[in-house]
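Student: I have just opened this structure and would like to learn how to read it. Could you walk me through it, one feature at a time?

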Amino acid sequence: MLAIGGVHQLGHILPVACELERRHPGCVRLFVSTDAEAQAARQQAGGEPLPEVVVMDLPAGAALLPKGMHKSARLIAWAGRVRSAAVILCAERTSTLLKRLSGACPPILHIPHGAGDRAVGFEDRFRLFEHVMVAGHKDRDRLVESGVVPPEKCTVTGPIKLSTVLARAAERPPLFRNERRTILYNPHFSSAHSSIHAFGEKLVDAVVADGRYNLIVAPHVRLARTWSAARRRHWQSLAVPGQVEVDLGSMRCNDMSYTLGADLYVGDVSSQVYEFLVYPRPCLFVDAHAVAWRNSEDYAMWHFGDVVTPQEDPIAAIDRAFACHAAYVGWQRERMASAMEGLSWLPGGAPTFQHAKPVQAAADVVERFAGLGTPVMSAAA
């Protein structure tokens, strides 16, 4: 299995790898890019059976290539070993490069990392997968209707990461030790979509001056990777102990600590809003690029709450989002049920997947393509 997209993608593929290792001990391999990713996989596996973890070291000289080419360089260098598997499972789409190289390639299966609405999540490279497993009918319908995935090549398994986190969730400590409500600001990494440049510091300043809210600034983990050390220090200097936390990429950005613990989501186009809405709560979206969004599938999430421009008063918008949430609850629940197959809510409002098993469903699909039944497979996946 290929988990070379970064630590933030592990939650969507690692539980399936562990389930397959439980069913077929010693027959699964998890390929990662770095020692840090290998360590993260071991931590995230918890007590589950962990497959052999293989670090795909860059070939000699490849480190001199631009960082954006490192993933492709790894795939090319390791193609022989990876393609010796019976089946390949990945959570990103660069791995489709393996299909375009000369020589035989086993079936490549895909679990998208998230259930967002942007068009990139329904791109043409989906055609190169033998099968795609998605979190809900929202994404299956769009993939099929767009023509990039035939109906017979797309299975709705339910959300791997979300169901796993909820199943393991113990009582979580509050994000802050005070009675203020907490805002999560989760801007996207893409400069074409992100609101951080036009709105981020304005939001921090407004929350600090107002004094009634806590704030967590936790952008998509890819955002700060390209920042200079000086810029990282600047953003970290905006933190205020006991009120404002700035997290530029810790494990808490990936394990749903913030999306489960915050009271209000503020963002632009990150798919993490679908993790946040497992408990329907107020949302606020920042249109920093004058987008014609109202009738666009790419911005369907913006119907979960008010949409504001960076020029608007952040505190007035936040107050309004809390006050008007009742107008959005019905649509939030309806859309979440479509996006996350098997999700339901108990009478007290707690989310549950008690009648669905996404991890097992995905593992069943991988087994089928690997030709696995009761016998243990001979080639590593």
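**Reading the features**

Tutor: Let us begin with two helices that touch: I196, H197, G200, E201 and V204 in α7 meet R231, H234 and W235 in α8. Here contact means heavy atoms within 4.5 Å, and helices (H or I, at least four residues) and strands (E, at least two) are DSSP runs, numbered from the N terminus. This is a predicted model, in which local features need pLDDT of at least 70 and side-chain atom pairs count only at pLDDT 80 or more, while totals for chains, interfaces and linings use all residues. Residues are numbered from 1 along each chain as its sequence is written, and side-chain values use heavy atoms, with hydrogens and water left out.

Student: How do I describe the packing of two helices?

Tutor: Two packed helices are described by the angle between their axes and the distance between the axes. Axes are lines fitted to C-alpha atoms, for helices over the stretch in contact, and angles run from 0 to 180 degrees between N-to-C directions. Helix α7 (residues 196-210) packs on helix α8 (residues 229-236) at about 35 degrees, and the axes are 12 Å apart. For α1 (residues 10-23) and α2 (residues 35-45), the angle is about 65 degrees and the axes are 10 Å apart. On the α1 side L10, G11, L14 and C18 take part, meeting E37, A40, A41, Q44 and A45 of α2. That contact has 6 nonpolar, 2 polar and 1 charged residues.

Student: In what order do the strands of the open sheet lie?

Tutor: Strands of a sheet pair through backbone hydrogen bonds, either parallel or antiparallel. Two strands pair if DSSP finds at least two bridges between them. In this open sheet the 6 strands follow the order β9-β8-β7-β10-β11-β12, with parallel pairing. Its edge strands, β9 (244-246) and β12 (306-308), each pair on one side only. Strand β8 (residues 213-217) is joined to β9 by 3 bridges, with I216 opposite E245. On its β7 side there are 5 bridges, and V217 of β8 is the partner of Y185.

Student: Is β8 mostly covered or mostly open?

Tutor: Mostly covered: 5 of its 5 residues are buried. Buried means under 20% relative accessible area, exposed over 50%, and partly exposed in between (1.4 Å probe, protein chains only). Y213, L215 and V217 point one way, N214 and I216 the other.

Student: Which side chain makes a polar contact with that of N186?

Tutor: The side chain of S270, at 3.1 Å. A polar contact is a pair of N or O atoms within 3.5 Å; within protein, one must be able to donate a hydrogen and the other to accept it, and residues adjacent in sequence count only if both atoms are side-chain atoms. N186 belongs to strand β7 (residues 181-186) and counts as buried because its relative accessibility is 0%.

Student: What should I know about phi?

Tutor: Most residues other than glycine have a negative phi, and most peptide bonds are trans. M256, not a glycine, has a positive phi of about 70 degrees. M256 lies in the loop between β9 and α9 (257-261) and is buried, since its relative accessible area is 2%. A290 also has a positive phi, near 50 degrees, but A290 is exposed, with a relative accessible area of 72%.

Notes:
Ala, Val, Leu, Ile, Met, Phe, Trp, Tyr, Cys and Pro count as nonpolar, Asp, Glu, Lys and Arg as charged, and the others, Gly among them, as polar.
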